[in-house]
Amino acid sequence: MPEGPSVRKFHHLVSPFVGQQVVRTGGSSKKLHPDGLQALWLQDTQVRLVLHFGGGGFLAFYNCQMSWSSSPVVTPTCDILSEKFHRGQALEALGRAQPVCYTLLDQRYFSGLGNIIKNEALYRAGIHPLALGSLLSPSRLEALVDHVVEFSADWLQGKFQGKQQHTQIYQKEQCPAGHQVTKEALGPPGGFQRLTWWCPHCQPQLAPKGPEQSQVS
């Protein structure tokens with residue numbers, strides 16, 4: 001699954017075609033017949049189909065899912081790269097009594113956040129992927145969201161500059177501090193399991209909170 005920065009760069013590249021009319025089509029699709037798009041107007045772009053426009057330009061979509069929509073469906077409040085990203089909504093979701101690595105991949109609250117961003121943000125925040133959000137203090141949850149947004153924004157900027165994104169924990173055998181990294185497929189019961197990398201030393205697991213214990217600060 002492409003992550004937010006990749007999709008946002010794609011959106012930036014295709015946005016000049018918004019408002020133009022399709023004059024010719026090509027390619028193939030199992031769900032949509034390209035000929036049915038001829039003479040239609042591109043209203044918006046959201047991140048095998050080829051659309052040719054009157055100005056001479058064309059767009060090619062590879063390995064994508066397509067469906068008919070009467071109007072664009074946009075939820076900028078959950079888009080981690082949007083200025084309208086709703087931090088409060090994201091923090092509320094992270095504070096639930098479930099592993100934070102599950103919540104981070106929930107596109108209802110963190111649209112565009114994929115496995116690379118999940119691993120990097122958790123490592124930089126020093127949080128174990130299976131830590132329950134309800135055991136983390138508000139300041140640690142705030143820091144986690146900060147790392148999500150900052151890493152994603154830096155990745156997007158690097159893409160426009162032609163730079164490869166540097167990762168500290170994703171697909172590494174050792175963390176930057178020289179500790180051995182643990183790798184395991186993690187995910188909700190009955191749900192999709194994603195490979196997760198973390199440092200047991202830099203991201204220690206939290207003990208269950210007792211009746212007299214407070215949140216970890």
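Let me start with a term: a polar contact is a pair of N or O atoms within 3.5 Å, and within protein one must be able to donate a hydrogen and the other to accept it, while residues adjacent in sequence count only if both atoms are side-chain atoms. Keep that in mind for asparagine 119, whose side chain reaches the backbone nitrogen of tryptophan 197 at 2.7 Å.

Some housekeeping. What you see is a predicted model, where local features need pLDDT of at least 70 and side-chain atom pairs count only at pLDDT 80 or more, while totals for chains, interfaces and linings use all residues. Residues are numbered from 1 along each chain as its sequence is written, and side-chain values use heavy atoms, with hydrogens and water left out.

Okay, the overall layout. The protein chain has 5 helices and 5 strands; helices here are DSSP runs of H or I with at least four residues, strands are runs of E with at least two, and both are numbered from the N terminus. Reading from the N terminus, the order is α-β-β-β-α-α-α-α-β-β. Of the 217 residues, 40% are buried. Buried means under 20% relative accessible area, exposed means over 50%, and partly exposed is in between, using a 1.4 Å probe and protein chains only. The accessible surface of the chain comes to about 12,500 Å², and 52% of that belongs to carbon and sulfur atoms; those areas come from the Shrake-Rupley method with a 1.4 Å probe, and for residues only the protein chains shown count as cover.

Now to helix 4. How many of its residues are buried? It's 10 of the 11, so helix 4 is largely enclosed by the rest of the structure. The buried set includes Lys118, Asn119, Glu120 and Tyr123.

Leaving aside neighbours within four places in sequence, asparagine 119 is in contact with Ile169, Tyr170, Leu195, Thr196 and Trp197, where contact means heavy atoms within 4.5 Å.

Is glutamate 120 buried or exposed? Buried, because its relative accessible area is 0%. Its side chain makes a polar contact with the side chain of arginine 124, at 2.8 Å. In general, an α-helix has 3.6 residues a turn, so residues three or four places apart point the same way. Not counting residues up to four places away in sequence, glutamate 120 touches Phe151, Thr167, Gln168, Ile169 and Tyr170.

On to the aromatics. A search of the whole structure turns up 3 aromatic pairs. One of them is tyrosine 170 with tryptophan 197, edge-to-face, 4.9 Å centre to centre with 70° between the planes. For the cut-offs: rings of Phe, Tyr and Trp (its six-membered ring) pair if their centres lie within 6.5 Å, and planes under 30 degrees apart are stacked, over 60 edge-to-face, the rest tilted. This pair links distant parts of the chain, 27 residues apart: tyrosine 170 is in the loop between helix 5 (138-160) and strand 4 (182-186), and tryptophan 197 is in strand 5 (residues 194-198). Both residues are buried.

In that loop you'll also find glutamine 171. Its phi is near 60°, a positive value in a residue other than glycine. As a rule, most residues other than glycine have a negative phi. At 53% relative accessibility, glutamine 171 counts as exposed.

What about the UniProt record? The unreviewed entry carries "domain: FPG-type" over residues 168-204; such annotations are given in the numbering used here with shortened feature names, and may be inferred rather than shown by experiment. That span is 0% helix and 27% strand, and its end C-alpha atoms lie 17 Å apart.

Last, the packing. The largest nonpolar core has 40 residues, and Ile80, Leu94, Leu104, Phe110, Ile127 and Leu144 have the most contacts inside it. Such a core is a set of buried Ala, Val, Leu, Ile, Met, Phe, Trp, Tyr and Cys residues joined through side-chain atoms within 4.5 Å. Helix 5 gives the most to this core, with 7 residues.
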